[in-house]
Amino acid sequence: MLYFEDFTQGRRFDYSPVLMQANDMIAFASEFDPQPMHLDEEIGKSSILGGLAASGWHTSAVGMRMMIEAFLGNSSSQGSPGIDFMEWKKPVLAGDMLSGFSLVLEARPSKTKPAIGLVKFRNEIENQSGEAVAVSECSVMFRRRNGETRA
């Protein structure tokens, strides 16, 4: 179990690869982002995206799952106060293999909740060519080990 004290500046958590499959991309888009380039291969090919493209929201959701599997699922996470920024850098196309990492940028004890610490991460998702397809920064709240209040 990872606690606030385990998230030292510079620590990196690598993601396991995820294959982006057309049927999953279409299912997600059908429910949450039904734009034509996310639903139809031919329309996607004729768009500036160059093929059936995942919704940016789908890419972000896959990134969240990768974070859960890499470290959040085995942590004392108490949720997030929000995302500082999120950028979709390149289209994610059917058949792309995504991977990436989360990097600890900073960690500090909460000023108002002594049993909690806040950790700021930079999250990058890359395609099989090593090109960044999505980048974000966010903070996550973690319980401190044994409820300690000192850093």
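Ala, Val, Leu, Ile, Met, Phe, Trp, Tyr, Cys and Pro count here as nonpolar, Asp, Glu, Lys and Arg as charged, and the others, Gly among them, as polar. The model is predicted, so local features need pLDDT of at least 70 and side-chain atom pairs count only at pLDDT 80 or more, while totals for chains, interfaces and linings use all residues. Residues are numbered from 1 along each chain as its sequence is written, and side-chain values use heavy atoms, without hydrogens and water.

The largest pocket holds about 330 Å³ of space. A pocket is an open set of points on a 1 Å grid over the protein atoms alone, where a 1.4 Å probe fits, with protein on both sides within 12 Å along at least five of seven lines; lining residues have an atom within 4 Å of a point. A volume is the space filled by probe spheres set on points joined across faces, edges and corners. The lining comprises 21 residues, and Met64, Met67, Ile83, Asn123 and Ser136 are the closest to the centre. Elements giving two or more residues to this lining are α4, β2, β4 (116–126) and β5 (132–143); helices (H or I, at least four residues) and strands (E, at least two) are DSSP runs numbered from the N terminus. Strand β5 contributes the most, with six residues. By class, 11 lining residues are nonpolar, seven polar and three charged.

The second largest pocket has a volume of about 170 Å³. Its lining has 15 residues, with Ala54, Gly56, Trp88, Lys90 and Pro91 nearest the centre. Here α2 (36–39) and α4 each give two or more residues. This lining divides into eight nonpolar, five polar and two charged residues.
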